[in-house]
Every structure is written in C-alpha cells, then in structure tokens.
Amino acid sequence: EAQVTQNPRYLITVTGKKLTVTCSQNMNHEYMSWYRQDPGLGLRQIYYSMNVEVTDKGDVPEGYKVSRKEKRNFPLILESPSPNQTSLYFCASSLIWGSSGGVSYNEQFFGPGTRLTVL
Amino acid sequence: AQKITQTQPGMFVQEKEAVTLDCTYDTSDPSYGLFWYKQPSSGEMIFLIYQGSYDQQNATEGRYSLNFQKARKSANLVISASQLGDSAMYFCAMRESRGTYKYIFGTGTRLKVLA
C-alpha cells in the first residue's frame, strides 16, 4: 500500500530534550516536506526536500533541522524543543514532475500526523 | 509576498445543496499551482483538486470543481450535492514555481453539512 508513515504519532516531551520525528514514504517520491498545523494558522511549511541531499527552508524553519540521506526518509529533528513547538506535524511527499500510476506530481500524500507536546 | 486568504472560518450547508468555499491568493509569480485539501475530523489530509495558473479550463474532480478567476486572483472550491461526509476542514494552498516547491496554505474553512 502506497503510504507516508510518521513515528511517533503522539509525543509528550520536556523543554530542551532533543527529539526526532521520522517520516518514510514507499512511493519513490522525490519531494518530501514537513508542515506544522496550529489552530487558526492552517498549515505552515517547515522544510522541504526536492531530492536526496537537497533541502530548503519553508516559512517556519527556526528551531528545526532536517536531513535527506535516503530518498524514502525525511526525519524532522528538534534539537532543543520549546513549548511554542507544541503542534500537529505532518510529513508529505509527491513526485517532482510528471505522473506515475495515474498519480500526478500535483498530488501530495500526507502522513497521519504527529501530535507533539513540549512541556 | 505570496499569500493565501480564506475568509470564511466556518460554513453550514444543507445536505444535497451546493456550497462554495472562498480562496484568494497573492503572488507575483506568473506560474503557480492552486490546491484544495480536505481534513476530516479524523485528522488526515486528503488532496481534492489542482488548478495550474496556465490552465484554460476550470478543474473538476467528481463533485468538486475549482472556480478559477485569474484576474481576481481567486480559486474557490465548489462542492455540488453536499453529503454528510463532506463535513470537514478545507484548506486552499498555493505552490510557487520559481525553481522552488514551497507550499503556502490558507487558514482553512470548517464546513458542516446539515441533514
């Protein structure tokens, strides 16, 4: 089954304790992205990656790091989490161009979300 | 700066009626893409429809259509024959095309379909 997986789904942590949220996709997509969703603010893009070893900042990258060492994985790292990073996080992936299996590059597939609470 | 505006925080519609969710955008890029996503109460994000800035015709996908008015910079989502399962949060989004693949989302519209 084509999917984007995220782990963990729920996490409660304390300020300053480094954490990693993993994201993996099995669709051979070049593009991967992280978003955070906050009430009243919609989704905001944190980082995105056009391919292996190619990453770029979205609108709210402060306090986050990413890496793209393999095509299928795109972990989100919070080196020193703070309470203002409490949020619902989504990973997403898509093709970068064209289509495959009837799915065009315009369709982003989202993971189920990770609800993070930083105390 | 690129921006997406959804001015309707919440809307009600009667089952089987049509409903329009508003979305306006701002960009200086002549090439861009516009998207609508649905987020049910279960939380997943579901892609609904896409419109390219150079597309001559409005996009349609089943009961969803996108009313694209380029001069007015609007990309409204029209849902025909609303169903109870359409109750959800709906997000409009834009993708820049200037060599980047940044996405910008609106704040969303919560739609409630009444029986």
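Tutor: Let's start with a term: a residue is buried under 20% relative accessible area, exposed over 50% and partly exposed in between (1.4 Å probe, protein chains only). This is a predicted model, in which local features need pLDDT of at least 70 and side-chain atom pairs pLDDT 80 or more, while totals for chains, interfaces and linings use all residues; side-chain values use heavy atoms, without hydrogens and water. Residues are numbered from 1 along each chain as written, with chains lettered from A and ligands numbered from 1 in written order.

Now go to Asp38(A). Asp38(A) counts as buried, at 10% relative accessibility. Its side chain meets that of Arg44(A) in a salt bridge, 2.8 Å from N to O (a Lys or Arg side-chain nitrogen within 4 Å of an Asp or Glu carboxyl oxygen). Arg36(A) also forms a salt bridge with Asp38(A), and here the closest N and O atoms are 2.8 Å apart. Together, Arg36(A), Asp38(A) and Arg44(A) are linked in a network of salt bridges.

Over all chains, the count comes to 6 salt bridges. One of them joins the side chains of Arg63(B) and Asp86(B), at 2.8 Å from N to O. This pair links distant parts of the chain, 23 residues apart: Arg63(B) is in the loop between strand E7 (60-61) and strand E8 (64-69) of chain B, and Asp86(B) is in the loop between strand E9 (74-79) and E10 of chain B. Strands (E, at least two residues) are DSSP runs numbered from the N terminus. Arg63(B) is partly exposed at 23% relative accessibility, but Asp86(B) is buried at 1%.

Next comes the place where the chains meet. The count between chain B and chain A is 1 salt bridge: Asp59(A) pairs with Lys102(B), their closest N and O atoms 3.2 Å apart. On the side of chain B that touches chain A, strands E5 (32-39), E6 (46-52), E10 (88-96) and E11 (103-105) of chain B each supply at least two residues. Contact (heavy atoms within 4.5 Å) takes in 22 residues from chain A and 18 residues from chain B. The area buried between them is about 1,700 Å², with 55% given by carbon and sulfur atoms; this is the accessible area (1.4 Å probe) lost on being put together, summed over both parts.

Finally, look for the cysteines. The structure holds 2 disulfides over all chains, each a pair of cysteine sulfur atoms within 2.5 Å. In chain A, Cys23(A) and Cys91(A) form one, with sulfur atoms 1.8 Å apart. The torsion about their S-S bond is about -70°, so this disulfide is left-handed. Cys23(A) lies in strand E3 (residues 19-25) of chain A and Cys91(A) in strand E9 (residues 87-94) of chain A, so the pair ties together parts 68 residues apart in sequence. Both ends are buried: Cys23(A) at 2% and Cys91(A) at 0%.

In chain B, a disulfide joins Cys23(B) to Cys92(B), 2.0 Å from S to S. With a torsion of about -65°, this disulfide is left-handed. Cys23(B) is buried at 1% relative accessible area, and Cys92(B) is buried at 0%.

Notes
Buried area = accessible area lost by both parts, 1.4 Å probe. Helix = DSSP H or I, 4+ residues; strand = E, 2+ residues; numbered from the N terminus.
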